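Dear colleague,

Please find below the structure that I am handing over to you. My findings follow it.

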Amino acid sequence: MESRPRTLWLRTEPLHSVIYFDAECRGIGRSVGLKGFWMGYFATRTAPMGPVLPETATAVLAVFAPGMVARALPAAWQIVTPERLTDLRAQLAARALRRLVPGIGTLAEQLTPPLTAMVEDAGHPARPGLERHGVGGCRGTAALPRTDRRGVGSHAARS
């Protein structure tokens, strides 16, 4: 029998992976003037947390060399705001998901409450990982103000 976390991952990873495999989503960084793949990658991955410093991004992402992250951040925030990147990423991901999954707006409306509850109940170490991807429609981390809790789910629901 699979564990609950693995089951959750298996069911949600296809939604998340659209960011990496849809051509329009992959081009977000360049479309707003970011230089090279990695600047776009680090900026879009961490944008929901605000204009984080390289040390924070390195800690949250947990698998990249500090120098690699520091070549992208905070320089990316001089080119585009985290809010703009987060909104653009959610819009493009929702557009891609609507193309791939007919009726996803209804599914998003149904899934948003339980996913939001999951994020709210998550322990502090898990929250940045969940929230940086808009899981449950949330944005930010426990340490940051939550003025906007829209994620991909809310954009998909508006279809």
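What is the accessible surface of the protein chain, and what share of it belongs to carbon and sulfur atoms? The surface comes to about 8800 Å², and 61% of it belongs to carbon and sulfur atoms. Please bear in mind that this is a predicted model.

Overall fold

The protein chain contains 10 helices and 0 strands. Of its 159 residues, 43% are buried. Among contacts with a separation of 6 or more, 62% are between residues 24 or more positions apart.

Salt bridges

The count of salt bridges comes to 3. In one of them, Arg99 pairs with Asp22, and the closest N and O atoms are 2.4 Å apart. This pair links distant parts of the chain, since Arg99 belongs to helix α7 (residues 82-100) and Asp22 to the loop between α1 (4-21) and α2 (23-26), 77 residues apart. Asp22 is buried, with a relative accessible area of 13%, because buried means under 20%.

Another salt bridge joins the side chains of Glu24 and Arg95, at 2.7 Å from N to O.

Through shared partners, the salt bridges join Asp22, Glu24, Arg95 and Arg99 into one network.

Helix α8

Helix α8 covers residues 104-121, which is 18 residues. From its first C-alpha to its last it reaches 25 Å, close to the 26 Å expected at 1.5 Å a residue. The helix bends by about 35 degrees at Thr112, and a proline, Pro113, follows within four residues. The buried residues of α8 are Ile104, Gly105, Ala108, Leu115 and Val119.

Thr44

Thr44 is located in helix α4 (residues 36-46). Its relative accessible area is 11%, so Thr44 counts as buried. The side chain of Thr44 reaches the backbone oxygen of Gly40 at 2.8 Å. Apart from neighbours within four places in sequence, Thr44 is in contact with Ile28, Leu85 and Arg89.

With kind regards

Notes. Residues are numbered from 1 along each chain as its sequence is written. This is a predicted model: local features need pLDDT of at least 70, side-chain atom pairs count only at pLDDT 80 or more; totals for chains, interfaces and linings use all residues. Side-chain values use heavy atoms; hydrogens and water are left out. Helices (H or I, at least four residues) and strands (E, at least two) are DSSP runs, numbered from the N terminus. Buried means under 20% relative accessible area, exposed over 50%, partly exposed in between (1.4 Å probe, protein chains only). A polar contact is a pair of N or O atoms within 3.5 Å; within protein, one must be able to donate a hydrogen and the other to accept it, and residues adjacent in sequence count only if both atoms are side-chain atoms. Contact means heavy atoms within 4.5 Å. The expected span of a helix is 1.5 Å times one less than its number of residues. The bend at a residue is the angle between axes fitted to the seven residues ending there and the seven starting there. Accessible areas come from the Shrake-Rupley method with a 1.4 Å probe; for residues, only the protein chains shown count as cover. A salt bridge is a side-chain nitrogen of Lys or Arg within 4 Å of a carboxyl oxygen of Asp or Glu.
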